[in-house]
Structures are given as C-alpha cells and as structure tokens.
Amino acid sequence: MRAPEEPANPSSRPPTLPAEVSAGPADASAEPADASARPARAPAGPARVGVLALQGAFREHRLAFERLGAEVREVRKPAQLDGLDGVVIPGGESTTMAKLMAAYGFDRALPAFHAAGGGVWGTCAGAIAVAFEIDGYPDQPRLALLDLAVARNAYGRQVASFEADLDVLGIPGPFRGVFIRAPRILRVGEGVETLSVYDGDPVAVAQGRSVASVFHPELSGDDRFHALVLARWIGTLQNGVDS
Ligand code: GLN
C-alpha cells in the first residue's frame with residue numbers, strides 16, 4: 001500500500017522546525033552538501049523511506065513519515081530496499097527481530113544498504129539491532145552499523161516504561177520521549193554524535209546518515225524527530241544541526 005503522493009502541506013509542519021527542514025523535508029530538489037557521498041537518487045520528488053515491517057511498531061513510523069510528505073514503503077523483503085533514501089528499524093523485541101532479519105536475509109541486505117550510503121534509523125529494539133555491541137548478549141545477532149554499546153531493558157523494572165521531556169539537538173524546545181523497556185546506551189564511539197541525553201546517558205545518537213534512538217519518537221505525536229532524520233537522509237541537514 002502506497003502513500004498518496006501529495007506534497008506535505010507546509011502549514012501542517014511544526015513551527016519550530018529548523019529552517020532547512022521546514023523548507024521541505026520531503027523535497028529532495030535541493031543539492032546535497034556532499035553529493036558524492038550520497039546514493040544515487042532522483043534529483044527531485046519526495047524522499048523515499050522504508051519501514052522494516054517484520055515485527056514491532058512500524059505503522060506509526062509509516063504514518064509519521066507520510067505526514068511529512070515522504071513516499072513510504074513497508075519493507076518485508078531485501079529487494080524492497082532498492083531506491084530508498086533510508087530505512088527505519090522499529091521498536092519491538094530485538095531477539096525476535098534478529099531472527100526474522102536473518103530468516104529474510106536482512107542481516108546481509110541492511111549492512112549492504114548502509115555501506116552503499118543508505119540511511120538507517122533504529123528505534124528502541126532497532127537501536128539494539130544497529131549497535132556494535134549488546135552488553136551481556138555477545139551472541140545476539142546484530143547489524144553493527146553504529147559504534148555503540150547498549151544494554152537491553154536497562155532502565156530497571158520500576159521504570160521500565162516512562163516518558164520524559166528531552167532536549168534534542170536540532171529540535172527547539174522539549175521533545176517528549178516515550179521509553180518502553182528501553183535499552184541504555186553505555187558507550188558511543190568516536191565520530192558518534194549525541195543528539196539527546198537523559199539521566200546522564202545518550203538516548204539519541206547519530207553517525208553519518210545512521211541514527212539510533214532508544215525512545216519512540218513515533219509514539220509522541222510530534223513528527224519533528226522524523227523530520228530531522230529525513231533531513232539527514234536527503235542531505236538538507238548541515239553539520240547535524242541547522243539552527
Ligand atoms: N526490550 C526490547 C528488546 O530487547 C526493546 C523494547 C522496545 O523496542 N520497545 O529487545
């Protein structure tokens with residue numbers, strides 16, 4: 001099922017978006033700052049976003065990107081990654097998702113997509129899937145796309161799920177973070193930017209066109225984090241921040 005290919009209505013965008021983002025997150029007509037490092041894509045037209053739809057909270061991501069005017073595809077087979085600017089790995093259950101990813105060939109296809117310049121964003125279980133290291137689970141399969149070490153379910157039983165107002169680099173004003181049995185980011189490598197910190201730990205990070213967030217921006221009813229990721233993927237975000 002494809003989204004209607006209408007451009008985003010600029011008046012529906014949050015007023016606090018950074019200039020480049022509010023100028024058109026789904027409009028790829030602007031020349032990227034570093035075109036040579038980006039995958040081939042049509043010079044104009046809506047951003048093309050995939051949402052890995054094997055398991056977990058993928059529908060909410062699809063709806064958020066559609067509200068931003070992107071063309072969104074639910075990805076269930078590796079061939080459906082072709083031509084995408086970026087793909088989201090949603091929240092869910094990371095061991096189940098790892099098994100399904102291996103069964104369908106995404107354990108190879110996603111690293112290949114990433115190596116070819118495609119953007120990847122892991123949320124919650126997806127952040128576990130993209131990490132280099134999973135503390136205490138050395139044998140849990142992972143894609144190893146971002147230089148991070150994470151600990152699963154590491155916010156403790158009493159506060160397994162909670163919400164908190166976050167400062168996010170590039171988003172003026174607070175952003176409501178919804179944490180559901182979230183992993184904790186224990187370590188970030190050199191070259192990984194921290195976009196948001198909660199309780200002393202990074203909760204959103206980025207490395208090139210790859211992003212990981214341990215909370216669920218698709219559940220906050222605020223599409224500004226999706227807009228930031230989209231800007232990163234289509235090259236309208238300069239130096240990680242644009243305000
Ligand atoms: N605790 C889950 C895991 O390990 C992730 C939870 C989520 O994605 N909301 O895998």
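# A first look at this chain

Strand 1 is covered on both faces: Arg-48, Gly-50 and Leu-52 on one side, and Val-49 and Val-51 on the other, are all buried. Here, buried means that 20 or more other C-beta atoms, placed from the backbone, lie within 10 Å of the residue's own. This is a predicted model, in which local features need pLDDT of at least 70 and side-chain atom pairs count only at pLDDT 80 or more, while totals for chains, interfaces and linings use all residues. Residues are numbered from 1 along each chain as its sequence is written.

**The chain as a whole**

- The chain holds 6 helices and 12 strands; helices (H or I, at least four residues) and strands (E, at least two) are DSSP runs, numbered from the N terminus.
- Of the 243 residues in the chain, 49% are buried.
- Among contacts with a separation of 6 or more, 68% link residues 24 or more positions apart, a contact being two C-beta atoms, placed from the backbone, within 7 Å.

- Strand 1 (residues 48–52) runs parallel to strand 3 (residues 86–89), joined by 3 bridges; Val-49 has Gly-86 as its bridge partner, and Val-51 stands opposite Val-88.
- Strand 1 also runs parallel to strand 2, through 5 bridges, and Arg-48 has Glu-71 as its bridge partner there.
- Together, strand 1, helix 2 (residues 58–67) and strand 2 form a right-handed β-α-β unit: with the strands pointing away from the viewer, the path from the first strand over the helix to the second runs clockwise.

- A second open sheet has the order 5-6-9, with mixed pairing.
- Strand 5 (131–135) and strand 9 (184–188) are its edges, each pairing on one side only.
- Strand 6 (residues 146–151) pairs with strand 9 in the antiparallel sense over 4 bridges, with Ala-151 opposite Arg-184.

**Around the ligand**

- Residues surrounding the ligand include Gly-91, Glu-93, Cys-124, Arg-152 and Arg-181; their C-beta atoms, placed from the backbone, lie within 6 Å of the molecule.
- The shell divides into 4 nonpolar, 4 polar and 3 charged residues, where Ala, Val, Leu, Ile, Met, Phe, Trp, Tyr, Cys and Pro count as nonpolar, Asp, Glu, Lys and Arg as charged, and the others, Gly among them, as polar.

Technical notes:
Two strands pair if DSSP finds at least two bridges between them. A residue is buried if 20 or more other C-beta atoms lie within 10 Å of its own, exposed if 12 or fewer, and partly exposed in between; C-beta atoms are placed from the backbone.
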